[in-house]
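Dear colleague,

Please find below the structure for your attention. My findings follow directly after it.

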Amino acid sequence: MRRVSKVHSELDRVGLPLGPIYTFLPAHGGSRACAVAEQLSRTLSEVPGLSVLLAGFAAREYSLWNPTDSPRRLDGHTWGAFVFDSRGIEVLDASEVYPRQLGKVLEYAQQKYKIVCADLTGAKEPHSLETLRASECIFLVSHSDRGSLEMAREQREWLESIGMADQCGLLLDRVHGGVSSDEAEEITGLPMCSLVDRPEYLDRFAGWLAAEESFAEETVYSFKN
């Protein structure tokens, strides 16, 4: 269920919904979670009226902040330093955020954007945990070979151990010699959400996410009226 923001409309004082966070978790280092999250963010950003932020954790060659002076307080100036444009989409350099402040930063992002896509490729464990806790859905990205799927199963077991497996689904990148979608579900114990090895599959999946967001907004405002 969509969480409700603590921010309220000045007109009617009704709680406004937070935009969802969709998190993309790689089954292993070679998974295409980064490419999938970026392409989905780009496709979603092309939907009229849908503002999208991509949160990434890949370390830059240099840091904006020294470890001792990473900002503890979020305001317009620090937000502008964390967010940059990458070929037409807005990207949050979440690796620069102090881990204990990441929850507040993500909530701030949810108030500014309709959808936040978080790519956990390269994320450290404290950042991963904070992002997963804030997520509405977790998409585990895996190749279709058995080795990758077994690692995906281990990731699912880890998510179960921290109580976050219920909102997790599988995005399958089919490779030569890989297993079928049904076998992938059986190996990982995860429900299949989409194939991601062709642009048309990613476009269809992005359309489903956009439709989910539109439906959630219509439901919230029907209650307000």
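The sulfur of C193 lies 7.6 Å from the closest cysteine sulfur, that of C137, which is too far for a bond. A search of the whole structure finds zero disulfides, a disulfide being a pair of cysteine sulfur atoms within 2.5 Å. C193 is partly exposed, with a relative accessible area of 35%, and C34 also counts as partly exposed, at 39% relative accessibility. In these terms, buried means under 20% relative accessible area, exposed means over 50%, and partly exposed lies in between (1.4 Å probe, protein chains only).

Please note that this is a predicted model, in which local features need pLDDT of at least 70 and side-chain atom pairs count only at pLDDT 80 or more, while totals for chains, interfaces and linings use all residues. Residues are numbered from 1 along each chain as its sequence is written, and side-chain values use heavy atoms, with hydrogens and water left out.

As to the overall picture, the secondary structure comes to seven helices and ten strands. Helices (H or I, at least four residues) and strands (E, at least two) are DSSP runs, numbered from the N terminus. Of the 225 residues of the protein, 45% count as buried. Among contacts with a separation of 6 or more, residues 24 or more positions apart account for 73%; contact here means heavy atoms within 4.5 Å. Q39 lies in helix 1 and is partly exposed, with a relative accessible area of 36%.

I turn next to the charged pairs. Side chains of opposite charge can pair when their charged atoms come close. The search of the whole structure finds eight salt bridges, a salt bridge being a side-chain nitrogen of Lys or Arg within 4 Å of a carboxyl oxygen of Asp or Glu. Three of them are described here.

D173 forms a salt bridge with R32, and the closest N and O atoms are 3.5 Å apart. D173 lies in strand 9 and R32 in the loop between strand 3 (21-26) and helix 1 (33-45), so this pair ties together parts that are 141 residues apart in sequence. D173 counts as buried, at 6% relative accessibility, whereas R32 is partly exposed, at 32%.

R87 forms a salt bridge with E38, with the closest N and O atoms 2.7 Å apart. R87 lies in the loop between strand 5 (83-86) and strand 6 (89-93) and E38 in helix 1, so parts 49 residues apart in sequence are tied together. R87 is exposed, with a relative accessible area of 67%, while E38 counts as partly exposed at 22%.

R146 forms a salt bridge with E183, where the closest N and O atoms are 3.7 Å apart. This pair links distant parts of the chain, with R146 in helix 5 and E183 in helix 6, 37 residues apart. Both residues count as partly exposed, R146 at 45% relative accessibility and E183 at 33%. Salt bridges that share partners also join E38, R42 and R87 into one network.

The buried residues of helix 6 (residues 181-188) are A184, I187 and T188. They cover an arc of only 85° around the axis, which puts them on the same side of helix 6; the arc is that of the directions from the helix axis to the C-beta atoms. An α-helix has 3.6 residues a turn, so residues three or four places apart point the same way. The cover over these buried residues includes helix 5 (146-161) and strand 9 (168-173). On the face turned away from the buried side are the exposed residues D182 and E186. Helix 6 is followed by G189, whose phi is positive, near 75°.

Lastly, which residue is buried yet has no salt bridge? It is D119, for which the nearest side chain of opposite charge, R32, is 11 Å away. For charge, Lys and Arg count as positive and Asp and Glu as negative; His and the chain ends are not counted. D119 lies in strand 7 (residues 115-119). The side chain of D119 makes a polar contact with the side chain of T121 (2.7 Å). A polar contact is a pair of N or O atoms within 3.5 Å; within protein, one must be able to donate a hydrogen and the other to accept it, and residues adjacent in sequence count only if both atoms are side-chain atoms. Not counting residues up to four places away in sequence, D119 touches F24, A33, C34, A37, L54, A55, G56 and F57.

Yours sincerely
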